Amino acid sequence: MSIYLKVRAVERVFNQLEKEVGSFQKSTGLGCMPNCGKCCSKPDINASALEFLPLAYSLFKNGEAEQWLDKLNNDKSTTLCPVLNTILAPGDIGFCSDYAHRGLICRLFGFSAMLHKNDKPILVTCKPIKEGMPVAVAKAESHIAAKKDYPLISNYYMQLRSIDESLGEELFPIRIAIAKAINAVLGYYAYRIPPKGTKVA
């Protein structure tokens, strides 16, 4: 399967997830706290390379992939996500500088469930949401306990692995995951004609 087809397959998984998360939020009232971004500021976020393949492909088409890779390989001063806006500028609507191409972990956290002991699903959300929206959190927990529709983390990672097991199986610190995704795209097009409209770096 070509890199382009893998990107499209990952995007289909993301589109399915967006619908399921939207339905879950509508049913429970869960939502992010305004101007929070604390989950993005965690220094130990892990992700697979595959979930950032759409980001890497977009960077490649925009002629920015090699520049990003150099920065990721040479800047050891931080472990934070390189897509993160640490300070919101006027007009910014969130802390992610490329929200459309954020990873699977970014889409799941706060509004999904994971299997706990005895395969019992439990809500995965953050402290700000738990403290700021206790009624919605209780409703979400009841929703999950009643086995209504909700995003299950393991299901989505399984779907990703079915697209490309080598890129989707192992989790890495987020900067390494993004670097591996960029390397996968650059390696694929090293001896192939770039997609139409690709900008020269």
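## Charges, fold and ring pairs in a predicted model

The protein chain carries 25 positive and 19 negative side chains, and the centres of the two sets are 4 Å apart. Lys and Arg count as positive and Asp and Glu as negative, while His and the chain ends are not counted. The place of a charge is NZ of Lys, CZ of Arg, CG of Asp or CD of Glu.

This is a predicted model, in which local features need pLDDT of at least 70 and side-chain atom pairs count only at pLDDT 80 or more, while totals for chains, interfaces and linings use all residues. Residues are numbered from 1 along each chain as its sequence is written, and side-chain values use heavy atoms, with hydrogens and water left out.

The protein chain has nine helices and four strands; these are DSSP runs numbered from the N terminus, with at least four residues (H or I) for a helix and at least two (E) for a strand. From the N terminus, their order is α-β-α-α-α-β-β-α-α-α-α-β-α. The radius of gyration is 18 Å, close to the 17 Å from the globule rule for 201 residues, so the protein chain is as compact as a globular protein of that length. This radius is taken over C-alpha atoms, and the rule is 2.2 Å times the number of residues to the power 0.38.

Of the 201 residues, 42% count as buried. Buried means under 20% relative accessible area, exposed over 50%, and partly exposed in between (1.4 Å probe, protein chains only).

Leucine 53 belongs to helix H2 (residues 53-61) and is buried, at 0% relative accessibility. Leaving aside residues up to four places away in sequence, leucine 53 touches Ile3, Lys6, Val7, Leu167, Ala181, Ala184 and Val185; a contact means heavy atoms within 4.5 Å.

The structure holds three aromatic pairs. Rings of Phe, Tyr and Trp (its six-membered ring) pair if their centres lie within 6.5 Å; planes under 30 degrees apart are stacked, over 60 edge-to-face, and the rest tilted. Two of the pairs are tabulated here.

| Pair | Centre distance | Plane angle | Class |
|---|---|---|---|
| Tyrosine 4 and tyrosine 57 | 6.1 Å | 50 degrees | tilted |
| Phenylalanine 60 and tyrosine 189 | 4.9 Å | 10 degrees | stacked |

Tyrosine 4 in helix H1 (residues 3-28) and tyrosine 57 in helix H2 are 53 residues apart. Tyrosine 4 is partly exposed at 40% relative accessibility, whereas tyrosine 57 is buried at 10%. Phenylalanine 60 and tyrosine 189 are both buried. Ring pairs also join Phe60, Tyr188 and Tyr189 into a cluster.
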